[in-house]
Amino acid sequence: MAKNTDIWLTDLSSNEVSELEGAAERFQADNLDLAQISPDSFPLPLLGPKLVQLRSDLMHGIGFELLRGLPVHQYSQKVAATIFCGIGSYLGAARSQNAAGHILGHVRDVGRDINDAGTRIYQTSKRQTFHTDSTDVVGLMCLRTAKEGGLSQLVSTTTIYNEMQRRRPDLATEMFKTVATDRRGEVPSGEKPYFEIPVLSWYQGYLTGLYQRQYVNSAQRFLDAPRLTDTQVEALDFFDSLANDPELHLSMQLQPGDMQFVYNHALMHDRTAFVDWAEPDKKRHLLRLWLSLPGDRPLPDCFRQRYGTIEIGNRGGIIVDGTKLNVPLDA
C-alpha cells in the first residue's frame, strides 16, 4: 500500500473541486440546515457517481480511501464543513459522535486530562493507539496539521487475525470472548457504563472488529465489569503488538484538504502523538464524520449495546437521554 498509493489515493480534478465549491455555495445560499444535507440538496453530477462507487469500495475493497486536492486554506470553516458533510451524504447517514449529538466532530487537542474518566483520546495530543470507532465508516477532513507528529495509521483487522492464527492460535481464540469497554461517561438510558462485545466477531461470513484498548483497560474500574483473565490480557497485548508492527500497518501524513474515509469493521486506525503550534489559529484541526452505510454487512446482536440498533443504514453513534443531533461549526 505504501508503494502503490494509486490504489487508495485519489486526486480531485479542478472540475470536481469547482463542482464541490458550487454545491456548497448554493446550499448556503438556500440557508439550509447542515444536519439535513443530502445528495438532493448537494447535487454532484460529476463526482457523485464516484462517491457511490467509493461507498462500495469501502465495504468490499481495501476499506479506505484518501481524497486530495481541496484548497481548504481558501475556505471558511463553514464552507469546508459543508463540502465535507455533502460528500459524506453520498456515502451514508451521519451519526452522533458524542452525548451532545454532534454529527460533525472536531478532532484537536482541547487540553483535556487523559486520566479524566470523561475524556475521549481525540481531545488530547496523546497517541490514540489502534482502535475502531462506533460506526460503519469514519471520515476525516484535515484543516490544519500539527507542528510535529500526528501521523495517521491504518491496519487490517483480518491481517492481524491471520497472523495471530498462524503464530498463536490459542490467543486468537481469546479475541472472540466478551470484554468490557468503557463508555467514558456517555451512557444511554438503561445501559451499563460499559458495553460487553468481543474484539472480534464472526457473523454471517464476516469477521468484524470493535476495539479500543485504553477503554477496555479503564472499564476494569467498574466492579461489576467482567474481569480480564491473564490469558485475555496476553492475547490483547499480542494483538496490539501485531497492530504496531511496521510491516503490517500503513502510515500517512494527512495534508490540509485531505479527506480520509475508513471502514471500521475491517480496519483499525491510529494517530501518533503530536506537538502542536503555540498560535491558536495554527493548531492541528480535523473535522470528523461517523457514517452508517446502506447495503452494509450484518452485525451480531451484541452490537446493539453500542450501536443502539443493528439496522443496516441506521446504526452506530452515541445517543443518551436528551441528545439532539446538531452540527457545531466549531469545537
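**Entry 1: the model.** I am working with a predicted model.

**Entry 2: the main core.** I looked up the largest nonpolar core and found 41 residues in it. Leu 20, Phe 42, Leu 70, Met 141, Met 259 and Phe 261 have the most contacts inside this core. α3 gives the most, with 8 residues. In soluble globular proteins, nonpolar side chains tend to be buried together.

**Entry 3: Phe 42.** I left aside its neighbours within four places in sequence. Phe 42 is in contact with Leu 20, Ala 23, Ala 24, Phe 27 and Ile 37, among others. Its contacts also include Thr 82, Ile 83, Gly 86, Ile 87 and Tyr 90.

**Entry 4: the largest cavity.** How many cavities of 30 Å³ or more does the structure hold? I found 2. The largest has about 440 Å³ of space. It is lined by 35 residues, and Gln 128, His 131, Asp 133, His 269 and Arg 288 are the closest to its centre. β5, β14 (267-271) and β16 each supply at least two lining residues. The largest share, 4 residues, comes from β5. I sorted the lining by class: 15 nonpolar, 12 polar and 8 charged.

**Entry 5: the second largest cavity.** This one has about 40 Å³ of space. Glu 174, Met 175, Lys 177, Val 179, Val 199, Gln 232 and Leu 236 line it. By class, I noted 4 nonpolar, 1 polar and 2 charged residues.

Conventions
Residues are numbered from 1 along each chain as its sequence is written. This is a predicted model: local features need pLDDT of at least 70, side-chain atom pairs count only at pLDDT 80 or more; totals for chains, interfaces and linings use all residues. Side-chain values use heavy atoms; hydrogens and water are left out. A nonpolar core is a set of buried Ala, Val, Leu, Ile, Met, Phe, Trp, Tyr and Cys residues joined through side-chain atoms within 4.5 Å. Buried means under 20% relative accessible area, exposed over 50%, partly exposed in between (1.4 Å probe, protein chains only). Contact means heavy atoms within 4.5 Å. On a 1 Å grid over the protein atoms alone, a cavity is a set of points where a 1.4 Å probe fits but cannot get out, and a pocket is an open set with protein on both sides within 12 Å along at least five of seven lines; lining residues have an atom within 4 Å of a point. Grid points are joined across faces, edges and corners, and a volume is the space filled by probe spheres set on the points. Ala, Val, Leu, Ile, Met, Phe, Trp, Tyr, Cys and Pro count as nonpolar, Asp, Glu, Lys and Arg as charged, and the others, Gly among them, as polar.
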